[in-house]
Amino acid sequence: MKIIDAHIHFSDIETFHHTANELSRVDYSGKGLQKEMEEGDVEFAVGMGVTETPEMGFPDHHAASPMGLDLEKELPGRVAVCPGINPYQLGKSGLDALENELKKQQVAGVKIYLGYYPYYAYDAVYQPVYDLAASYDVPVVFHTGDTYSERGLLKYAHPLTLDEVAVLRRDVNFIMAHLGDPWVLTGAELVYKNPNLFADLSGWVVGTNKTLAGKLKDNYFDHVRHALKFCGHYEKLLFGTDWPLVPIKGYAEFIGDFIPSRHVENVFYNNAMRVFPKLTNLR
């Protein structure tokens, strides 16, 4: 079965290099990504743009917006891009640059890093981004839940804050990254309630295949099983890994343990093709 990994990274971020080298033990490179995609039967992957500068490191107020995938000069084949938004650099020039990106065939959505930047999803600073997303028929992906930086502020990343923007902007499809973990029951309620709100299942584990197997042996993820059953809308859930946090194939097997067999093709492939319509440009 072909898979779409709806949430990866391919940026030159210090914490990603550390994670790959010390925790997940993956080859964080274009060659490494292509190898994992082939081994995991991944047809397409969607990269979430994020960059940092030496002055600050991510979350970086100085990074130019939109943020791209800058790990290597050439982007691996079959990888789409969701340019990342730095709200501190989101003036006219930043919006013009974002629109230019959205005109490219491989640009499939937009990524907003709630919690890393101290703005709520419904803040006025992001409204022009939603206008562009609506015009180009692409989804907006929100980071939600725990942040991978101690400098993050969790109140901005709580999934409940997405309810207002989902209601006010029915003209845009939104994707809640990580289902808001650890607040997954709240995330599940929002997906259940709002027709334009989807969720990806990425980033729940950092580590190796051995780490993933260990998490399934105890009750560590009972809260996730409860939330997915409560939500019930498997047609609105997308597989993603948050690579390089974990190996792709191992995480696919891990998520497969949570998904009823009749919904596997939707969660692992069909839903992403519907929510990211520009993925067809990569064929």
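**Close-ups of helix packing in a predicted model**

**View 1. Helices α3 and α4 are roughly parallel to each other, since the angle between them falls under 35 degrees.** This is a predicted model, so keep that in mind for every view here. Helix α3 covers residues 92-102 and helix α4 covers residues 127-136; their axes come within 11 Å and cross at roughly 20 degrees. The crossing of this pair is right-handed. On the α3 side, look for Leu95, Leu98, Glu99 and Leu102, which meet Pro128, Val129, Leu132 and Tyr136 of α4. Sort the residues of this contact by type and you get seven nonpolar, no polar and one charged.

**View 2. Helices α6 and α8 come within 9 Å of each other, going by their axes.** Here α6 is residues 184-193, α8 is residues 222-231, and the crossing angle is roughly 15 degrees. That angle makes α6 roughly parallel to α8. As in the title of this view, the pair is α6 and α8, and α6 passes α8 in a right-handed crossing. From α6, the residues taking part are Val184, Leu185, Ala188, Glu189, Val191 and Tyr192. They meet His223, Val224, His226, Ala227, Phe230 and Cys231 of α8. By type, the contact of α6 with α8 splits into nine nonpolar residues, two polar and one charged.

**View 3. Helix α9, residues 248-256, has several buried residues.** Which ones are they? Zoom in on Ile248, Gly250, Tyr251, Ala252, Phe254 and Ile255, and you have the buried set. And what covers the buried residues of α9? The cover includes two strands, β1 (3-8) and β2 (42-48). It also includes the helices α2 (30-39), α7 (209-217) and α10 (264-275).

**View 4. Stepping back, the protein chain has ten helices and nine strands.** Its radius of gyration is 17 Å, close to the 19 Å that the globule rule gives for 283 residues, so the chain is as compact as a globular protein of that length. Along its principal axes, the C-alpha trace spans about 50 × 40 × 40 Å. Of the 283 residues, 56% count as buried. As for who touches whom, take the contacts with a separation of 6 or more: residues 24 or more positions apart account for 77% of them.

Methods. Residues are numbered from 1 along each chain as its sequence is written. This is a predicted model: local features need pLDDT of at least 70, side-chain atom pairs count only at pLDDT 80 or more; totals for chains, interfaces and linings use all residues. Side-chain values use heavy atoms; hydrogens and water are left out. Axes are lines fitted to C-alpha atoms, for helices over the stretch in contact, and angles run from 0 to 180 degrees between N-to-C directions. Helices (H or I, at least four residues) and strands (E, at least two) are DSSP runs, numbered from the N terminus. Angles under 35 degrees count as roughly parallel, over 145 as roughly antiparallel, 65 to 115 as roughly perpendicular and the rest as oblique. A crossing is left-handed if the near helix is turned anticlockwise from the far one by less than a right angle, and right-handed if clockwise. Contact means heavy atoms within 4.5 Å. Ala, Val, Leu, Ile, Met, Phe, Trp, Tyr, Cys and Pro count as nonpolar, Asp, Glu, Lys and Arg as charged, and the others, Gly among them, as polar. The radius of gyration is taken over C-alpha atoms; the globule rule is 2.2 Å times the number of residues to the power 0.38. Buried means under 20% relative accessible area, exposed over 50%, partly exposed in between (1.4 Å probe, protein chains only).
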